[in-house]
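User: I'd like to learn how to read a structure like this one. Could you walk me through it, starting with how strands face each other?

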Amino acid sequence: MNVLLTAWAILVVYFMSHSVNAENRIGCNFEVDLCGWTQNTDDDYDWRRNSGPTPSFSTGPSGDHTLGSASGAYIYTEASFGIAGETAKLTSDRVTLSSGDGCFQLWYNMYGAGIGALNVYLMPSDGPLKSLVSLEGEQGRDWRMLSVNISSTDFRIVLEGVRGKSFMGDIAVDDVRLTDRPCGDPQLVG
Ligand SMILES: [Ca+2]
Ligand SMILES: [Ca+2]
C-alpha cells in the first residue's frame, strides 16, 4: 500500500512539474535572469537586463513593469553605438502545448524618437519561422501589453529588437507569459 502510494505520488509530482515546466521557463519577469530564454548568436547584439532608466535620455522606461519601480528588472535593446537595422534576438526554450492552442503575452515599452521595431516570431519544430507580431516606431511612454494567439504544438518563440535611426531607440520587454488557452478565453479573465 505504501509503495503504491509513493509511486503514485512520484508520478503526480513528475507530471505536474513537467506540465508546468514549459510555461515556467518561457514565463519570465526578468527579476533574476532570462529564465528559459537564450541570446542568439546569429544577430548583431544582445538583449540586456536592466533596472531603472536606461543610460540614454528620452528613451526607455523609467522602471520595470512587474514591480512598477526602479528596483524591478526588465530586458531591453540598447540603441546607442550601432547602426540602424541591426538586430538582437532572444529565443525561448522549446515549448510543447498538447492542445495546440495558446496565448503568448508580453509587456513592452517603446518610447523614444528613434525607435526601430519589435518583432515576435513563432519557430515551429517542423517548419519555417512565422511572424506573429511586428511593432514599428514609437508606441508611447508607458508599458503596454501585447497578446497573440499561438496555434502550434511544438515550437519556440523568438523576440527580435531592430535598432532604429538614433540612440533614442531603446526597446524594453517585461513579464513574458504563455498560457495553454487562446487569448481572451473567458476562463483566463480575472
Ligand atoms: Ca520585471
Ligand atoms: Ca545576440
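Analyst: Let's begin with one facing pair: Val 95 stands opposite Phe 155 in E10. This is a predicted model, in which local features need pLDDT of at least 70 and side-chain atom pairs count only at pLDDT 80 or more, while totals for chains, interfaces and linings use all residues. Residues are numbered from 1 along each chain as its sequence is written, and chains are lettered from A and ligands numbered from 1 in the order in which they are written.

User: What joins strand E5 to E10 there?

Analyst: Two strands pair if DSSP finds at least two bridges between them. Here 2 bridges join strand E5 (residues 95-96) to E10, and the two run antiparallel. Strands are DSSP runs of E with at least two residues, helices are runs of H or I with at least four, and both are numbered from the N terminus.

User: Is E10 enclosed or open to the outside?

Analyst: Burial is a neighbour count: a residue is buried if 20 or more other C-beta atoms lie within 10 Å of its own, exposed if 12 or fewer, and partly exposed in between, with C-beta atoms placed from the backbone. In E10, 8 of the 9 residues are buried, so this strand is largely enclosed by the rest of the structure. Across the protein chain, buried residues make up 32% of the 190 residues.

User: Where does Glu 160 sit, and what is it in contact with?

Analyst: Glu 160 lies in strand E10 and is buried, with 23 other C-beta atoms within 10 Å. Two residues are in contact if their C-beta atoms, placed from the backbone, lie within 7 Å. Leaving aside neighbours within four places in sequence, Glu 160 is in contact with Thr 87, Lys 89, Asn 119 and Tyr 121. Its C-alpha atom is separated by 6.6 Å from that of Leu 90, 70 residues apart along the chain.

User: Which residues touch the most other members of the largest nonpolar core?

Analyst: In soluble globular proteins, nonpolar side chains tend to be buried together. A nonpolar core here is a set of buried Ala, Val, Leu, Ile, Met, Phe, Trp, Tyr and Cys residues joined through C-beta atoms within 7 Å. The largest has 32 residues, of which Ile 75, Tyr 108, Ile 157, Ala 172 and Val 173 touch the most other members. Elements giving two or more residues to this core include strand E3 (73-77), strand E10 (154-162) and strand E11 (171-179). Beyond its neighbours within four places in sequence, the contacts of Ala 172 include Ile 75 and Tyr 108.

User: In what order do the strands of the open sheet come?

Analyst: The order of its 5 strands is E2-E3-E11-E6-E9, with antiparallel pairing. Strand E2 (48-51) and strand E9 (144-151) stand at the edges with a single partner strand each, so one side of each is left without a neighbour in the sheet. Strand E6 (residues 101-110) is joined to E9 by 8 bridges, and Asp 101 has Ser 151 as its bridge partner in E9.

User: Where is the pLDDT below 50?

Analyst: pLDDT is the predictor's confidence in each residue, from 0 to 100. The protein chain averages 89, and 87% of the residues score at least 70. Over residues 16-23 the pLDDT is below 50. Where pLDDT is low, the predicted coordinates should not be read in detail.
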